[in-house]
Amino acid sequence: MNPAHSNDLHTDPNQFPGVDVYAVAGNPITHSKSPAIHKRFSEQSNQKMHYGRLQPALDEFATTAQSFFAAGGQGMNVTVPFKLDAQAFADELTPRAKLAGAVNTLRIENGKIFGDNTDGAGLVRDLLAQGIQTQGARILLLGAGGAARGVLGPLLEQAPKELIIANRSNAKADELVQLFAKLATVHQAVLQSLTLSDLEDISKTASHFDLIINATAAGLSDVSPISDIAASNIFIPQSFAYDMVYGKVTAFMQQALHRGSRVSDGLGMLVEQAADAFLIWRGEHLNEVIDSRAVLAELRAS
Ligand code: NDP
């Protein structure tokens, strides 16, 4: 049997009669912490539900999602590499999913599939929970891929003073600046793009940043997206460095620590985006009952 096939992962809603079934779909997916997170949310709020994993083959997201919902699945989280497939699969998108250009949460209502994106809201909630002031802040966002695009809207809604997007290839960062220019104006934020090598030039970065978010995929391969010269330009002890990658102290976090800055990995973002998805599925009123920070602390301790 093909090990990449979704059936190997046993998330067939038919096997859970009388229980609402959810799943996270990605490839690979065995490492995902989402089932453990949702299990804790359902226990905290007394919800009778099952949350499993699905691993569609790379070209089979739509057929897997179709079968899952046809068999009675109630909702799905979507991770790498299927967030664009999920956007195409949804019948209707929330405004924030449209702006993010990607979907990480699907739900079904009256046979219709709704797509949402909770990544950006999850990041902002994690930052606020860690006491990070985003309003009026100078923010540097590294990367211009799907994760960067997903968090730009919620970050701009916090009305930072300035948000600079720095990417390896300039064109992608420029594209995001154009796409989000209107929202930046609404929130009176200065929105600009730079290349990662521009960060070595203090005349281009102007001064340090309050918040530096690594939304590149560099952390996955144990390299930092920025040079040490750039790191010396952007970090001071008052800076906060946030890496979306989780589960390790990345090379980017080490550069920040070396200059006395506070750091965080992205595990809190993962838990907070999951909390938002859980509330979308099970009802906003459960916000009073679930405790995402407790779930985060348990994950860190495990
Ligand atoms: P994409 O493939 O869409 O984008 C990757 C980005 O990283 C691009 O901007 C790319 O630059 C840049 N990049 C890749 N390698 C390097 C490198 N060696 N040096 C500099 N820049 C590099 O990925 P995503 O945006 O979807 O994901 C980015 C990261 O965020 C991943 O590590 C993912 O795990 C994490 N993530 C975490 C979440 C959480 O809940 N904590 C949620 C979502 C994502 P270029 O355009 O020049 O190629």
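Mentor: Before we start, one definition: for two axes, angles under 35 degrees count as roughly parallel, over 145 as roughly antiparallel, 65 to 115 as roughly perpendicular, and the rest as oblique. Also keep in mind that this is a predicted model.

Trainee: Okay. At what angle do helix 1 and helix 11 pack?

Mentor: About 50°, and their axes are 10 Å apart. An angle between 35 and 65 degrees is left to the last group, so helix 1 and helix 11 are oblique to each other.

Trainee: And is the crossing of helix 1 and helix 11 left-handed or right-handed?

Mentor: Right-handed.

Trainee: Which residues meet there?

Mentor: From helix 1 you have Ile37, His38, Phe41 and Ser42. They meet Leu270, Val271, Ala274, Ala275, Ala277, Phe278 and Trp281 in helix 11. By class, this contact has nine nonpolar and two polar residues, with no charged ones.

Trainee: Helix 11 also packs with helix 12, I see. What's the angle there?

Mentor: Roughly 135°, again with the axes 10 Å apart; helix 11 covers residues 267-282 and helix 12 covers 292-301. That angle makes helix 11 oblique to helix 12. The crossing is right-handed.

Trainee: Which residues of helix 11 meet helix 12?

Mentor: Leu267, Gly268, Val271, Glu272 and Ala275. Their partners in helix 12 are Ser292, Arg293, Val295, Leu296, Leu299 and Arg300. This contact is made up of six nonpolar, two polar and three charged residues. Val271 and Ala275 turn up in the contact with helix 1 as well.

Trainee: Next pair: how do helix 5 and helix 6 cross?

Mentor: At roughly 55°, and the axes of helix 5 (residues 119-129) and helix 6 come within 7 Å. So helix 5 is oblique to helix 6, and the crossing is right-handed.

Trainee: Who's touching whom in helix 5 and helix 6?

Mentor: Asp119, Gly120, Ala121, Leu123, Val124 and Leu127 of helix 5 meet Gly150, Val151, Pro154 and Leu155 of helix 6. Sorted by class, the contact has seven nonpolar, two polar and one charged residues.

Trainee: Switching topic: what volume does the largest pocket have?

Mentor: About 1600 Å³. It is lined by 49 residues, and the closest to its centre are Val80, Lys83, Gly146, Ala147 and Leu220.

Trainee: Which elements supply at least two residues of the lining?

Mentor: Strand 3 (75-78), helix 3 (83-89), helix 6 (146-157), helix 7 (170-186) and helix 11. By class, the lining has 25 nonpolar, 17 polar and seven charged residues.

Trainee: You named Val80. Is its peptide bond to Pro81 cis or trans?

Mentor: Cis, with omega about 5°. Pro81 sits in the loop between strand 3 and helix 3. In general, most peptide bonds are trans.

Trainee: What about the bond from Asn27 to Pro28, and where is Pro28?

Mentor: That bond is cis too, with omega near 5°. Pro28 is in the loop between strand 1 (20-25) and helix 1 (34-44).

Trainee: Last one: is phi of Asn46 positive or negative?

Mentor: Positive, near 55°, and this is a residue other than glycine. Most residues other than glycine have a negative phi. You'll find Asn46 in the loop between helix 1 and strand 2 (49-54).

Terms used
Residues numbered from 1 in each chain as written. Predicted model: local features only at pLDDT ≥ 70, side-chain atom pairs only at ≥ 80, totals over all residues. Heavy atoms only, no water. Axes fitted to C-alpha atoms, helices over the stretch in contact; angles between N-to-C directions. Helix = DSSP H or I, 4+ residues; strand = E, 2+ residues; numbered from the N terminus. Left-handed = near helix turned anticlockwise from the far one by under 90°. Contact = heavy atoms within 4.5 Å. Nonpolar A, V, L, I, M, F, W, Y, C, P; charged D, E, K, R; others polar. 1 Å grid on protein atoms, 1.4 Å probe; cavity = no way out; pocket = protein on both sides within 12 Å on 5 of 7 lines; lining within 4 Å. Points joined across faces, edges and corners; volume = space filled by probe spheres on them.
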